[in-house]
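User: Can you take me through this one? I'd like to start with the helix packing.

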Amino acid sequence: MTLDQDKTKQIHSIGQRVLQSEADALRDFAQSLPENFDRAVELMMNAKGRIILAGIGKSGHIGRKISSTLASTGTPSFFVHPSEASHGDLGMVRPEDVCILISNSGETSELGDVIAHTRRFAIPMIAITKKPDSTLAKSADVVLLLPDVPEACLIGMAPTTSTTLSLALGDALAVALMELRDFQPENFRTYHPGGKLGAQLTKVSQLMHEGDAVPIVPSHATMQDTILVMTSKGFGIAGVVEEGKLLGVVSDGDLRRNMDDLMGRTAGEVATRSPVTISADSLAEEALLTMNTKEIGALLVVSDSGAPIGVLNIHDCLRAGVA
């Protein structure tokens, strides 16, 4: 079916209205953060166990996402389905845990057994709800109130704006915990080793060649020996060292630029001084960018003292998915 121009305009108008409605709600929510937000973060920060999320329907989907975000950013967490909890999964919720229960109305009947379990065993419980006088809110140790704003749909019933606000609130909690724990990129990669994200967070030290694989010659080495090292190691370069530190690099380009009396000179005389290098702690993505920018195929990896400790080839980065 081909849409006419009027129908297309109508569809665009609906989309813009929904997005604007939810954006306005988020903007207002940011200006009036729940007053117990700091208490909730403190409770989660001090948890000796895990953060347990629970909810039904759309709230359950939001709970799963919040739990996933927490777990991947250094806060152990998992989602418990309230119906399954009533049939044995309550045993997964321990006194050292903290529970976050999500219900827009605060009267979700399926949460009843989870609420009772937290009260029976004094398990700290945080409620995310729109209704301050609801059963859930009255039972909770900490209540994070969502603003009472209309849903984005015209009938005002489909969970849209309310779920967006719940999701954003969960992100705010997770990021607050991340920053308080000084969660760093290397920590992030621990929980995201696969796919594009894992590749982007790969460090040079994880990909570089070390030991005998590093093409190194002393500054007084003959060019015959230097070329043999360049050829045998297969990186197209040779690092030139003096007193244990990298003095320069001999590349294929250096060989071409010094063809006159090349074999009568030493590596130190031919090498390009102060070459481009990288540290082992740098991200491989940074190394790839450097090689592309400088139009070189390999980088020597140096220590803080300037000693060559490894070599990284552009193909090492590409094979690892860094691109």
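User: How do the axes of helix 1 and helix 7 cross, and within what distance?
Analyst: The axes of helix 1 and helix 7 come within 10 Å and cross at roughly 40°. That makes helix 1 oblique to helix 7, because angles under 35 degrees count as roughly parallel, over 145 as roughly antiparallel, 65 to 115 as roughly perpendicular and the rest as oblique. Axes are lines fitted to C-alpha atoms, for helices over the stretch in contact, with angles from 0 to 180 degrees between N-to-C directions.

User: Is the crossing of helix 1 and helix 7 left-handed or right-handed?
Analyst: The crossing is right-handed, meaning that the near helix is turned clockwise from the far one by less than a right angle.

User: Which residues make the contact?
Analyst: Helix 1 contributes Ser21, Glu22, Ala25, Leu26 and Phe29, and helix 7 contributes Thr161, Thr164, Leu165, Ala168 and Leu169. Contact means heavy atoms within 4.5 Å.

User: What kind of model is this, and how is it numbered?
Analyst: It is a predicted model, where local features need pLDDT of at least 70 and side-chain atom pairs count only at pLDDT 80 or more, while totals for chains, interfaces and linings use all residues. Residues are numbered from 1 along each chain as its sequence is written, and side-chain values use heavy atoms, with hydrogens and water left out.

User: And the helices and strands, how are they defined?
Analyst: They are DSSP runs numbered from the N terminus: helices are H or I with at least four residues, strands E with at least two.

User: Which residues touch the most other members of the largest nonpolar core?
Analyst: Met44, Ile51, Leu53, Leu70, Ile100, Ile126 and Leu144 do, in a core of 26 residues. Such a core is a set of buried Ala, Val, Leu, Ile, Met, Phe, Trp, Tyr and Cys residues joined through side-chain atoms within 4.5 Å. Buried means under 20% relative accessible area, exposed over 50%, and partly exposed in between, with a 1.4 Å probe and protein chains only.

User: What does Ile51 touch?
Analyst: Beyond its neighbours within four places in sequence, Ile51 is in contact with Met44, Leu70, Thr75, Pro76, Ser77, Phe78, Val98 and Ile100.

User: How many bridges link strand 1 and strand 3?
Analyst: Five, in the parallel sense. Ile52 has Cys99 in strand 3 as its bridge partner.

User: What about the sheet of four strands?
Analyst: That one is also open, with the order 6-7-8-9 and mixed pairing. Strand 6 (216-218) and strand 9 (272-273) are its edges. Helix 11 (residues 223-233) lies across strand 6, strand 7 and strand 8 (245-251), at about 80° to strand 8.

User: Thr226 sits in helix 11. Buried or exposed?
Analyst: Thr226 is buried, at 0% relative accessible area. Leaving out residues up to four places away in sequence, Thr226 touches Val217, Ala221, Ala238, Val250 and Ala267.

Conventions: Pairing = 2+ DSSP bridges.
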